[in-house]
Amino acid sequence: MQIGFSNNEFLFGVLVAAGACRWAWRRKLSRMDEPPLRRPLWASLGTELFVVVALIFTCRVAVADWPSVPSSSMEPTLRVGDYLLINHLAYGPRLPFTNTAIEFGQPQRGDVVVFRYPHDVSQFYVKRLVGMPGDVVAFTGGIASINSDAPNAEMLEDAELARLQVRRTEEDRGQWMVLESAAAPPRVLKLNPFILGRTPINLDDAGLSAHCQSPRGGEWQCTVPAGQYLMLGDNRDASGDSREWGFLPHEQVYGKAVRVLFNFRQSGRAWTPL
């Protein structure tokens, strides 16, 4: 079990502190002959904060969360500044400060997953689940294929992007937009034509070296071990993902990103499904 700290853990701490103030005030009142005309500040804050924070905390842990996207690693699917709707009920909520889950479901190939970064569980990452346990994932030219399927990718022009509800931005200038559809729900990727996935896989990582082979830079094949997932960013040449830090343990999964709620800089992205 690993301990992490996030907004939810902060809310939990506030909830405990407010609850303690509320309990202490009620206990003090029970010992008074007559209640005072005014409550002290700590008692008022404790009583009022407890109810509000309890509702917010329960919602964020048990039902949904709404973090923002800080990097471009999932472009064009996610843009910097997107606020995401994270569905905890897809997989089940996790208890505060731990990775213990009340599981309702399992992640599926193609899901956009929010998870605790395995090397620092206080950080949350969002990537696409490409390899399930037991899958053989092959990667070449920035394109992944699963279980010996032939790589299936199609270069997209602006008209086709519009049909898929993907809009180019300044950040996409000079980049290739590609529809990858082998062995999972299709998704639009962004590739740098000067790199095309040639960033080498990190075979210094013990998990990757035990389950992966790489005959040359940017070309590799991995068998995903039991209880773990292979995660990749849709911005294939600008993503720190499983190629760098290894497989994702199942217990680090936090929730499924299902929609973009809004983006202050790009109003047209509101309520975009993922």
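Biologist: Which residue in strand 9 is the bridge partner of E180?

Modeller: In this predicted model, the bridge partner of E180 in strand 9 is R187. Strand 8, which contains E180, runs antiparallel to strand 9, and five bridges join the two.

Biologist: Why is strand 9 described as largely enclosed by the rest of the structure?

Modeller: Five of the five residues of strand 9 (residues 187-191) are buried, so the strand is largely enclosed. Both of its faces are covered: R187, L189 and L191 are buried on one side, and V188 and K190 on the other.

Biologist: Why is the contact between R236 and E180 called a salt bridge?

Modeller: The term requires a side-chain nitrogen of Lys or Arg within 4 Å of a carboxyl oxygen of Asp or Glu. In R236 and E180 the closest N and O atoms are 3.0 Å apart, so the pair qualifies. R236 lies in the loop between strand 12 (228-232) and helix 5 (242-245), whereas E180 is in strand 8, 56 residues apart. Both residues are buried.

Biologist: What does the salt bridge between D82 and R269 tie together?

Modeller: The closest N and O atoms of D82 and R269 are 2.7 Å apart. D82 lies in the loop between strand 1 (64-65) and strand 2 (83-87) and R269 in the loop between strand 14 (253-262) and strand 15 (272-273), so the pair ties together parts that are 187 residues apart in sequence.

Biologist: How do you know whether D82 and R269 are buried or exposed?

Modeller: Buried means under 20% relative accessible area. The value for D82 is 0% and that for R269 is 12%, so both are buried.

Biologist: Why does R168 count as partly exposed?

Modeller: Its relative accessibility is 32%. Partly exposed covers values between the buried limit of 20% and the exposed limit of 50%, so R168 belongs there. R168 forms a salt bridge with D158, with the closest N and O atoms 2.6 Å apart.

Biologist: What makes F104 an exposed residue?

Modeller: F104 has 52% relative accessibility, and exposed means over 50%, so the term applies. F104 is found in the loop between strand 2 and strand 3 (112-117). Together with L89 and I102, F104 forms a nonpolar surface patch with about 300 Å² of accessible area.

Methods. Residues numbered from 1 in each chain as written. Predicted model: local features only at pLDDT ≥ 70, side-chain atom pairs only at ≥ 80, totals over all residues. Heavy atoms only, no water. Helix = DSSP H or I, 4+ residues; strand = E, 2+ residues; numbered from the N terminus. Buried < 20%, exposed > 50% of the residue type's maximum accessible area, 1.4 Å probe, protein only. Patch = residues over 30% accessible without salt bridge, like charges linked within 9 Å, V, L, I, M, F, W, Y side chains within 5 Å. Areas by Shrake-Rupley, 256 points an atom, 1.4 Å probe, with all protein chains shown as cover. Pairing = 2+ DSSP bridges.
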